[in-house]
Amino acid sequence: MIVTLVVVAAVAGLILVGAVAWREHRHFVVAEDNRRRDDELLRRQQGELSENETRLRLSLDTISQGVVIADPAGNVLYRNPFALPYAEARHGEALVEAAVAELMTEAAQGRVVEREVELFGPPRQTLFVSALPLRLDGRDYGSVALIDDITEPQRLDTMRRDFVANISHELRTPMGALSLLAETLAGETDPEVASRLAARVQAEAIRLSDIMDDLLELSRIESNEASERAPVAIQHVISDALSRAKPTAEEKEVPIETALPALDLVVRADRRQLTSAVFNLLDNAVKYSEADRPVRVTTRLEGDWVEVEVRDQGYGIPPRHQERIFERFYQVDRSRERTGGGVGLGLAIVRHVANNHGGEVRVESTEGEGSSFTLAVPMADLLQPNGAQP
Ligand code: ADP
């Protein structure tokens with residue numbers, strides 16, 4: 001009996017001890033589980049945070065705007081690659097870094113500030129620097145500076161304004177002449193004088209319409225609007241351009257000679273655009289030559305390029321003007337051009353056409369001896385023995 005009691009007590013004790021130990025163990029396991037879960041959560045949160053930080057950082061690193069971030073004391077904490085060159089300041093770039101530092105100091109006082117900085121280069125650049133305070137719930141986190149390169153938008157804006165000014169100027173001259181001629185014509189009783197005045201009215205009206213045509217052509221070519229690409233035999237382009245240039249050439253008594261290769265050279269092109277380019281080169285060659293000075297058009301294959309060269313024995317172009325003549329409205333000698341009737345859009349058209357076709361236009365010229373303009377466009381991958389698609 002006593003033995004039984006002792007055994008029962010011992011077993012009960014064992015069970016109790018076991019239960020207590022089990023409970024302890026459970027507690028430990030649960031606590032351990034919780035801790036692990038907390039750690040996991042923290043790790044995951046930290047992981048997400050650093051992933052987001054990486055994302056943020058990568059975004060800032062790739063944007064084409066300079067970003068500089070400073071703490072409240074003004075110490076730079078981060079600078080993205082776009083803003084880096086200004087920190088390694090040399091020459092003009094030091095100006096940008098000075099502007100950034102100055103604006104950030106002002107921004108640290110809670111103001112949004114901005115300034116334009118001109119770098120005289122080369123290359124010439126205009127930068128727009130702005131700085132903003134970084135504040136949240138009344139706490140100061142420092143400031144951020146943003147650097148934008150506004151050189152290109154500014155250039156386009158200036159070009160647009162110049163363009164409008166130039167058009168107005170070019171249109172005003174024939175418009176003024178027309179109005180004056182019409183006024184005189186209205187009071188003219190002598191039929192001979194009246195007929196002379198009427199001829200001048202007509203000439204000015206033609207001039208106006210030529211300007212409008214050039215403007216429309218340039219704008220169409222610039223926007224590459226409705227541009228079609230098809231295999232075109234260069235020979236057809238030359239003959240189209242020749243028939244357009246002939247009336248002026250005949251009037252001025254400037255002969256045009258052509259030298260075509262034995263094979264038809266075929267380019268993939270917008271025929272209308274290409275014809276317009278060759279016509280403008282021919283028209284200039286005639287316009288800027290004296291009578292009996294022949295103009296020669298040569299077509300040849302140079303490597304993979306089809307080249308059309310228009311060579312004249314005219315006035316020539318001084319070297320300092322040769323780079324600029326392809327700009328819109330640029331004229332070497334406005335008084336001479338006025339008599340010839342140009343407005344300075346022809347070569348801008350030629351250059352656009354060349355660019356649109358992945359080609360180029362080159363000039364060689366000697367004052368008093370003549371000029372040679374070469375339009376080069378890539379050859380199409382088919383070379384036909386005869387008469388490609390007209
Ligand atoms: P424009 O309508 O005045 O002819 P372009 O753009 O065709 O305008 O040409 C720009 C300027 O380049 C002309 O005003 C002229 O001074 C010069 N130029 C162009 N082609 C020739 C040429 N073949 N010979 C001499 N000068 C030329």
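I take a nonpolar core to be a set of buried Ala, Val, Leu, Ile, Met, Phe, Trp, Tyr and Cys residues joined through side-chain atoms within 4.5 Å, where buried means under 20% relative accessible area with a 1.4 Å probe and protein chains only. The model is predicted, with local features needing pLDDT of at least 70 and side-chain atom pairs counting only at pLDDT 80 or more, while totals for chains, interfaces and linings use all residues. Residues are numbered from 1 along each chain as its sequence is written, and side-chain values use heavy atoms, with hydrogens and water left out.

**Entry 1, overall.** I counted 10 helices and 12 strands in the protein chain, both being DSSP runs numbered from the N terminus (helices H or I, at least four residues; strands E, at least two). Of the 390 residues in the chain, 34% are buried.

I then followed L375, which, leaving aside residues up to four places away in sequence, touches several residues including L274, V278, V306, V350 and V361; contact here means heavy atoms within 4.5 Å.

I traced an open sheet of 5 strands in the order β2-β1-β5-β4-β3, with antiparallel pairing, two strands being paired if DSSP finds at least two bridges between them. Its edge strands are β2 (76–79) and β3 (113–119), and the twist averages 20 degrees from one strand to the next. Between β3 and β4 (residues 125–136) I noted 7 bridges, and E116 has F128 in β4 as its bridge partner. Helix α4 (residues 151–186) lies across β3, β4 and β5 (139–149), at about 125 degrees to β4; axes are lines fitted to C-alpha atoms, for helices over the stretch in contact, and angles run from 0 to 180 degrees between N-to-C directions.

Where does α6 bend? I found a bend of about 45 degrees at A245, with a proline, P247, following within four residues; the bend is the angle between axes fitted to the seven residues ending there and the seven starting there. The buried residues of α6 include I234, V237, L242 and A245, and its buried residues pack against β6 (230–233), β7 (256–259), β8 (266–269), α7, β9 (295–302) and β10 (305–311). After α6 comes E253, with a positive phi near 60 degrees.

How values were computed
Buried < 20%, exposed > 50% of the residue type's maximum accessible area, 1.4 Å probe, protein only.
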